[in-house]
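Work through the following exercises on helix packing and helix length with the coordinates open beside you.

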Amino acid sequence: MSGTGIGESIGEQGARSRALAVLHVRSRAAAVALLPAAAAVVLLAGGAMGHMSGAGWDAARWIVSGCALVVLVLAVVVATVIVRATPALSPTVELPERAAPDLYRMVRDLAERLDVPAPSALALTPDCDSWLEDRTHPSHAISDGSRRRSAQAPVLVIGSPFLWWMRVAELRAVLAPVVAATGPAANPDIDAARRFVRGLDAAVADAARPGLGVIRKAGAGFTGTVARVLLRSCQTHAAEMERGVAAAASERAQAVDYGLRIVAQEQVGLAYAGWDRLLTRVALPAWRMGRWPARLDAGVVSALTELSRRDRLAEGFASRLGERPACDLLEEPGAVDEAASLLAARLFHGGPAETGPDWSPVDWQHYPEEVVDRKWRTEAARIHRVLDELGVPPSTGRPEGPTLARVMDHLSARPGGEASDDLAAAITARVAREESAREAAAPAPHPSPAGTSSAPMGDALAFWGGSPLPLFPLQPPRTGRELLADHVVAMVCCAAVDTAGAVPGLDWLDGPALLVAGERRSDLVAPVLSLVEDGDAQPLRVWLGSLGVRAEKPVRLV
């Protein structure tokens, strides 16, 4: 790709002009730093030639020369910090070529058809998005056998859910405009502008790091302030440059699978909807129990298949499942899915980088028993411990033990839901204490050097380190009433399992489910809310009677 502008599209020309504007900011900053030195040279040259003589001129020469030296030293320090600052990288799963030769071959063929440089490597992100990421900084060197090398072209990051839900042709169509952006990225002006902006951003981030000493904090504050000013000066040009790059890439990609890309974009939206439901409704309860589903991407297919069964708008998508899925381009789809699933758990919930007694994988076939049933019984045990702490006695005339009747009688003792407030506050406090104790007992992270790992797909955070997690919490903290409702539902489900033959189950779109005679009961929330919000236990008693659930019988707890 030539940097002269010959053969460039309108988008590329616009991106290049904006890149030059970014570089002009860098040039002006250098000119400002050199201005005192230029003034000192003029004064020194004038004195050497016999001009500008006298005590006043001598004093001016000393003052200006001293200022020039200080400014030059500071400019060198700031420039060094900007150049050496490590740009932030997205947490990804490294995907070496030996793990996906067919996928690499498809991407290279796509780049050849687009007449652009091929990406230097592939990586996966546990999200429904794809992009190019520059990893040319020396600290981003990746492992290649016994050698370490720095990528010369951008790395193509692919959303792992796409590989399982999309067909091969659809994935190629979706990736076409992303791969096409390697062309503008090879332009020297655009590349230099991006490096400058990334350096400024990294310098600002480094200046905000906690734990710096007084001297280092003062120096970092100065360099961070300068970098922040420069970043503000060029951010508009940088944003327009990236828009031009995107427009150029989209324009170039129109010649490749354009009609199919329109259809494939519908699959992107559908995959995102299924992925979001799977994370928030299915994976999150497991993460809270110290278990992480090891096949999240495979679960996307099940979730979207279930969505296609329920939603008339998605009926046509089920027929696609007979075509070759893009995950067939991987040598070990299971290992890749497991690595992406662990990274998703760490990003969206937090947790150790390795498995352990309190953080272990779970297969989908064991999810109802090991997650759903355990979740219900853990929450049922918690609500009874809180009732014990509050001094709530067993229900009159009922056997002692953890019974549903005890919970119902307490919440319905005062009409209007007044009893719920104290119980909700106590449960909230206990959950907070348990989470704090769990965080305090968690081992400190042990980040691996970049690119070094014994895992099949490489360390999921090989380019990222052991920063605090989660980065992207899925849900805001639940209110006290919401926590209480969850605990009452859990108590009802335990009673139904122990006294009425119900079983725990998994709904791919809604998560933990109560199955009665093989059918999911989704009508439990309303009567529970009547009890929690209004103190009215009658709707729940009717619901329990319809299933033959014995509220007075003790339930099994963990």
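**Exercise 1.** Determine how helices H5 and H9 are oriented to each other in this predicted model.

*Solution.* Begin with the axes: those of H5 (residues 168–180) and H9 (residues 258–288) come within 8 Å and cross at roughly 95°. Angles of 65 to 115 degrees count as roughly perpendicular, and H5 and H9 are therefore roughly perpendicular to each other. Turning to the residues, Ala-169, Glu-170, Ala-173, Val-174, Ala-176 and Pro-177 of H5 meet Leu-260, Arg-261, Ala-264, Gln-265, Gln-267 and Val-268 of H9. Sorted by class, this contact of H5 with H9 has 8 nonpolar, 2 polar and 2 charged residues.

**Exercise 2.** Carry out the analysis for the axes of helices H10 and H11.

*Solution.* The axes of H10 (residues 296–310) and H11 (residues 333–348) come within 7 Å, and they cross at roughly 90°, which makes H10 roughly perpendicular to H11. On the H10 side Leu-296, Asp-297 and Ala-298 take part, and they meet Asp-337, Ala-340, Ser-341 and Ala-344 of H11. By class, the contact of H10 with H11 has 4 nonpolar, 1 polar and 2 charged residues.

**Exercise 3.** Check the span of helix H2 against its 30 residues, and then identify the buried residues of H2.

*Solution.* Helix H2 covers residues 55–84, and at 1.5 Å a residue it should span 44 Å, which agrees with the 43 Å between its end C-alpha atoms. With under 20% relative accessible area as the cut-off for burial, the buried residues of H2 are Arg-61, Ala-68, Val-78 and Ile-82. As for their partners, the buried residues of H2 pack against helix H1 (10–48), helix H7 (188–207) and helix H8 (214–253).

Methods
Residues numbered from 1 in each chain as written. Predicted model: local features only at pLDDT ≥ 70, side-chain atom pairs only at ≥ 80, totals over all residues. Heavy atoms only, no water. Axes fitted to C-alpha atoms, helices over the stretch in contact; angles between N-to-C directions. Helix = DSSP H or I, 4+ residues; strand = E, 2+ residues; numbered from the N terminus. Parallel < 35°, antiparallel > 145°, perpendicular 65-115°, else oblique. Contact = heavy atoms within 4.5 Å. Nonpolar A, V, L, I, M, F, W, Y, C, P; charged D, E, K, R; others polar. Expected span 1.5 Å × (residues − 1). Buried < 20%, exposed > 50% of the residue type's maximum accessible area, 1.4 Å probe, protein only.
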